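Colleague: Please show the model, and then we can go through its side-chain contacts and packing.

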Amino acid sequence: MAGNLTDLGHHDTPKITTELSRELTLFHITMMGVGMMIGAGVFVGTGISIGKSGPGGVLLTFALNGVIALFTGLSYAELSSAIPKAGGAYNFARVGFSKGISFLAGWMEWFASSMAGSLYSVAFATYVLHYFKDIGVVERLGLTGHDYFVHKAMALTVACFFIYINYRGASETGTAGAIMSLGQTLTLAIIAVIGFGYAFGDPVRLKNFTPFLPNGWGKVLITMAFTYVAFEGYEVIVQAGDEAIEPRQNIPKAIIWSLIIVVTTYLGLSFATVVAVKDTGMPAYQWIGQFGATGFAEATKLIVPYGGFLVVIAVIFSATSALNATIYSASRTSFALGRDKMLPPVLAKISERTQVPVYALVTSAVLILTAIITLDQEAITSC
């Protein structure tokens, strides 16, 4: 395999040439990875993890998953430094294995990214529609009873908007993703900081961490298993191999930085969720656990003014940043497959105007929009 890596230019070719425009900075691709990782997983998984593994268990869950993700991320960092090309894991499989295996890996990555894009579109519509109903917008517009069509229209609209952003060019895609990711990270950081303020201002809240592991290590392993999806996303960074500035240096850095930001955010949110509860007549972890997937939101309402609204804003930022990243990832994977003639070569055609793989983007968009139109949220999730 080492010989193959050399053949690809790791040592022999100091400059990497590409038909795509090289416009994405370290900040762009780092935020792209953060946006992909901080999705609905943290909002749903935090409350469930606290209920199952306890107040200390949730901290161990995110910390240990962070260690596992770091090892995987370092592997991606090494491979992306050796093979800095659009296509990511597909290219790694192409070098290390047969064409058949690499085609399967690439096709699965393309399909999974497309389905994830439709899921994030639907998640955005779900939260926005729920909030609009709460504040009476749906009723005032006379849309009561038309939830299904309004939901589909919202999901299609946001998907089309970010498809257009991706069409505008890599710089626009990176900037939009950075704004959304920065918005979600800052929103979640505010919640975490408020939680620490409550804890240090009222130290009795730290007793919520007793008992630390009420249900033992077995439950921690269970919560680690179903929350690890919240650490998957740095693979979208390696898709920028043809468009990142100094990819051999910046892509590995972006992977490591994105993991540091995400793990720190998860630990801060978990701490804030636990210390938010006081005087409920039951242990904090049980009170949070009774709400299941909405436990994080319910706890946030106790310490943050307009906490429910803040959570909705955080979810909207998370869904849109992840949507932007998945559209980018899907189009670059299909572009790489077309470039290697694993799929029709037309998918590798670059727009002269915007320097993006326009046919790869259109084909990915068709998959995303078709899933939104024909499938419900549960069916999309199962894909």
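Modeller: A network of salt bridges links Asp202, Arg205 and Lys278; a salt bridge is a side-chain nitrogen of Lys or Arg within 4 Å of a carboxyl oxygen of Asp or Glu. This is a predicted model, in which local features need pLDDT of at least 70, side-chain atom pairs count only at pLDDT 80 or more, and totals for chains, interfaces and linings use all residues. Residues are numbered from 1 along each chain as its sequence is written, and side-chain values use heavy atoms, with hydrogens and water left out.

Colleague: How many residues apart are Asp202 and Lys278?

Modeller: Their side chains meet in a salt bridge, at 2.5 Å from N to O. Asp202 is in the loop between α8 (170-201) and α9 (216-227), and Lys278 is in the loop between α11 (247-275) and α12 (284-289). Helices here are DSSP runs (H or I, at least four residues), numbered from the N terminus. The pair therefore links distant parts of the chain, and the separation is 76 residues.

Colleague: Is Asp242, the partner of Arg339 in a salt bridge, buried or exposed?

Modeller: The N to O distance in this salt bridge is 3.0 Å. Arg339 has 29% relative accessibility and counts as partly exposed, the class between buried (under 20% relative accessible area) and exposed (over 50%), with a 1.4 Å probe and protein chains only. Asp242 has 3% relative accessibility, so Asp242 counts as buried.

Colleague: Which parts does the salt bridge of Asp340 and Arg94 tie together?

Modeller: The closest N and O atoms of Asp340 and Arg94 are 3.1 Å apart. The two residues are 246 residues apart in sequence, so the pair ties together the loop between α14 (307-339) and α15 (358-374), where Asp340 lies, and the helix of Arg94, α4 (residues 89-96).

Colleague: Which element gives the largest share of the nonpolar patch?

Modeller: The patch covers about 650 Å² of surface, and its residues include Val67, Phe71, Trp257 and Ile260. Patch residues have over 30% relative accessible area and no salt bridge; nonpolar side chains (Val, Leu, Ile, Met, Phe, Trp, Tyr) are joined within 5 Å, like charges within 9 Å. Areas come from the Shrake-Rupley method with a 1.4 Å probe, and for residues only the protein chains shown count as cover. The largest share, 4 residues, comes from α3.

Colleague: What is the angle between the planes of Trp107 and Phe111?

Modeller: Rings of Phe, Tyr and Trp (its six-membered ring) pair if their centres lie within 6.5 Å; planes under 30 degrees apart count as stacked, over 60 as edge-to-face and the rest as tilted. Trp107 and Phe111 are 4 residues apart in helix α5 (residues 99-134), so about one helical turn separates them. Their pair is stacked, at 5.4 Å centre to centre, and the angle is 5 degrees.

Colleague: How many aromatic pairs does the whole structure hold?

Modeller: Ring pairs link Phe62, Tyr228, Phe231 and Tyr266 into a cluster. The search of the whole structure gives a count of 13.
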